[in-house]
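I opened this model to see how its chain is put together. My notes follow in the order in which I looked things up.

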Amino acid sequence: MSTMDLLGLRREQLKEGYSVCRLINEAVARGEGRLTREGALLIETGQYTGRSPKDRFIVRDEVTKETVAYGKTNLPMDEEVYQNLLQKTKEYMRDKELYLVKALAGSSEKHALKINVLCEDAAQAAFSSQIFIKDNEREGVDADFTVVALPNLKAEGEKDGIHSEAFIIISFRDRLVLIGGTKYSGEIKKSVFSVMNYLLPEEGVLPMHCSANMGKDGKTALFFGLSGTGKTTLSADPKRLLIGDDEHGWSEEGVFNFEGGCYAKCINLDAEKEKEIYEAIRFGTVLENVVVNDKGEADYCDNILTENTRCTYPLDYIEHRVDEKKGGHPSTILFLTADAFGVIPPVSKLTREGAMYHFMSGYTSKLAGTERGIVHPETTFSALFGEPFMPREIETYAQLLGEMIDAHDTEVYLINTGWSGGVYGVGQRTPLKYTRLMVDAALNGDFRDVEFVHDEIFNLDIPVKVPGVPDEILIPKNLWKDSAEYEKVAMELSGKFKENFHRFREVSLNITEAGPY
């Protein structure tokens with residue numbers, strides 16, 4: 001049965017082939033948003049200004065019961081609950097016209113997924129047209145996977161067997177995503193990402209939550225990091241070409257972007273520090289929950305609606321980019337962490353096993369609440385630097401990473417963009433100019449002939465020289481006034497690493513031993 005038949009849709013219900021310009025004009029005419037002074041489409045998403053992880057489910061059926069790592073992240077949905085919500089969706093759409101966006105997930109010809117996005121709102125259709133790779137020339141309405149986005153269809157919470165009025169449901173058997181009750185466009189994007197993350201390992205492809213760029217020498221680099229670690233800032237390097245800012249695959253052919261656009265945070269957006277993002281906000285860009293005045297002028301520092309303000313634009317809006325949206329096998333991988341405890345070295349080299357350990361750990365630290373009055377940072381571990389979007393067992397992805405590193409002799413570094421000389425509130429954040437020099441040294445191969453010293457707590461190898469960087473900041477202990485206090489804090493964080501890693505019970509001893517002592 002085709003997806004169209006499954007959904008009970010008729011071809012005449014579909015508005016297909018609409019340009020982004022037409023979709024934006026229709027969104028304005030329908031009252032879904034308005035234009036800013038720069039010409040961007042501004043929309044507000046109501047109570048849902050971010051993803052809703054407690055409302056996201058994967059249907060448990062004969063396809064997924066043995067292949068999805070169900071738990072707190074991948075919430076299971078029983079077949080009966082799914083069928084009920086599918087029926088409600090079909091009834092809701094019966095007499096409605098829907099925008100059809102034909103797109104591709106993946107710039108690799110061999111591994112791309114043909115997707116259809118059916119949207120109730122013109123604004124979400126415009127978003128989908130810009131974030132995914134366009135596939136307008138495809139004939140017919142058949143696709144490998146279909147996403148249905150109906151923000152005005154609200155569920156009845158517990159009566160429907162779920163938690164609220166919103167729902168995001170993935171059925172791998174029916175090759176279908178149902179999204180209802182939320183206008184937040186990121187649910188569309190991350191649902192497709194989750195689908196790719198489930199399907200690609202079966203093809204021997206490692207799906208990754210990372211940014212990627214390419215040097216003028218053609219060498220590719222990957223940047224992994226959770227929110228606040230500097231992933232976007234460090235990968236948007238005017239000396240290099242951007243492949244993509246968020247989602248990629250690593251196949252036998254090299255690295256390829258899943259998307260055709262960017263979904264950048266724009267809270268506190270700075271015209272000088274983030275010039276390329278700032279200049280990408282123009283007609284064709286979709287803004288979410290940004291505050292503007294009566295003249296249509298954006299105030300990117302105003303967080304009254306949310307800290308998670310967003311802008312979506314095609315990669316074509318970035319000057320320094322790779323048009324093909326793909327590159328070769330990465331010569332360098334950078335894991336970014338913002339350590340608020342001030343004990344992780346600012347740069348260190350990882351072994352293959354160390355890379356797998358830190359990939360599975362996905363460590364950073366966040367500040368406890370708002371910045372005002374904060375003293376105690378908190379550890380955060382998100383495996384693969386994107387665990388909420390990884391349906392399979394974490395070990396599956398880590399094993400693929402290890403195989404890829406071996407096959408392509410890739411160097412891996414851990415970069416701490418956080419604090420040194422003390423915990424947050426006592427120490428200082430490593431200056432961005434020094435972090436950039438460390439990243440440059442890793443990308444340029446400057447560490448191949450440099451002496452390293454071993455960190456006996458975190459089991460890391462630290463270079464003793466980085467061009468342009470003061471030697472004393474490379475060894476965290478050197479910057480602490482009280483060495484005993486440094487060791488106490490470092491041992492506490494080391495213990496949290498080990499405690500977190502206990503969740504992985506089927507990992508070889510050499511990987512476990514590659515972590516902190």
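What share of the contacts in the protein chain with a separation of 6 or more is accounted for by residues 24 or more positions apart? I found 73%, where contact means heavy atoms within 4.5 Å.

**Ground rules.** I am working with a predicted model, in which local features need pLDDT of at least 70 and side-chain atom pairs count only at pLDDT 80 or more, while totals for chains, interfaces and linings use all residues. I number residues from 1 along each chain as its sequence is written, and side-chain values use heavy atoms, with hydrogens and water left out.

**Whole chain.** I looked up the secondary structure and found twelve helices and 31 strands; these are DSSP runs numbered from the N terminus, helices being H or I of at least four residues and strands E of at least two. The radius of gyration is 23 Å, close to the 24 Å of the globule rule for 517 residues, so the protein chain is as compact as a globular protein of that length. That radius is taken over C-alpha atoms, and the rule is 2.2 Å times the number of residues to the power 0.38. Along the principal axes, the C-alpha atoms fill a box of roughly 70 × 55 × 45 Å.

The accessible surface comes to about 21,600 Å², and 47% of it belongs to carbon and sulfur atoms; the areas come from the Shrake-Rupley method with a 1.4 Å probe, and for residues only the protein chains shown count as cover. Of the 517 residues, 60% are buried. Buried means under 20% relative accessible area, exposed over 50%, and partly exposed in between.

**Cores.** Next I looked up the nonpolar cores, which are sets of buried Ala, Val, Leu, Ile, Met, Phe, Trp, Tyr and Cys residues joined through side-chain atoms within 4.5 Å. The largest has 101 residues, and Leu222, Phe224, Trp250, Phe335, Val343 and Phe359 have the most contacts inside it. This core draws at least three residues from each of domain 1 (3-31 + 52-203) and domain 2 (206-260 + 325-512); the bounds come from an automatic or database domain assignment. Apart from this core lies another of 28 residues, including Leu14, Leu75, Val81 and Met93.

Leaving aside neighbours within four places in sequence, its contacts include Phe224, Leu350, Phe359, Phe385 and Ile415.

**The sheet with β21.** I followed an open sheet of five strands in the order β2-β3-β18-β21-β17, with mixed pairing. Its edge strands are β2 (34-35) and β17, each pairing on one side only. Two strands pair if DSSP finds at least two bridges between them.

Is strand β21 (residues 310-314) enclosed or open? Five of its five residues are buried, so β21 is largely enclosed by the rest of the structure. Arg310, Thr312 and Pro314 point one way, and Cys311 and Tyr313 the other. With β17 (residues 261-265), β21 pairs in the antiparallel sense over five bridges. Cys262 has Tyr313 as its bridge partner, and Lys265 has Arg310. Three bridges join β21 to β18 (residues 286-288), also antiparallel, and there Leu287 stands opposite Cys311.

**Strand β7.** I found six of the seven residues of β7 (residues 113-119) buried. Seven bridges join β7 to β6 (residues 98-105), running antiparallel, whereas five join β7 to β9 (residues 145-150), running parallel. Asn116 is the bridge partner of Lys102 in β6 and stands opposite Thr146 in β9.

**Single residues.** Pro463 is in strand β31 (residues 460-463) and is buried at 0% relative accessibility. From Val453, ten residues away in sequence, Pro463 is 6.5 Å away in space, C-alpha to C-alpha. Leaving aside neighbours within four places in sequence, Pro463 contacts Val347, Ser348, Phe447, Val450, Glu451, Phe452 and Leu474.

I also noted two positive phi values in residues other than glycine. Asn459 has phi near 60°, lies in the loop between β30 (452-455) and β31, and is buried at 15%. Arg175 has phi near 55°, lies in the loop between β10 (167-171) and β11 (176-180), and is partly exposed at 31%.

Definitions and conventions. Buried < 20%, exposed > 50% of the residue type's maximum accessible area, 1.4 Å probe, protein only.
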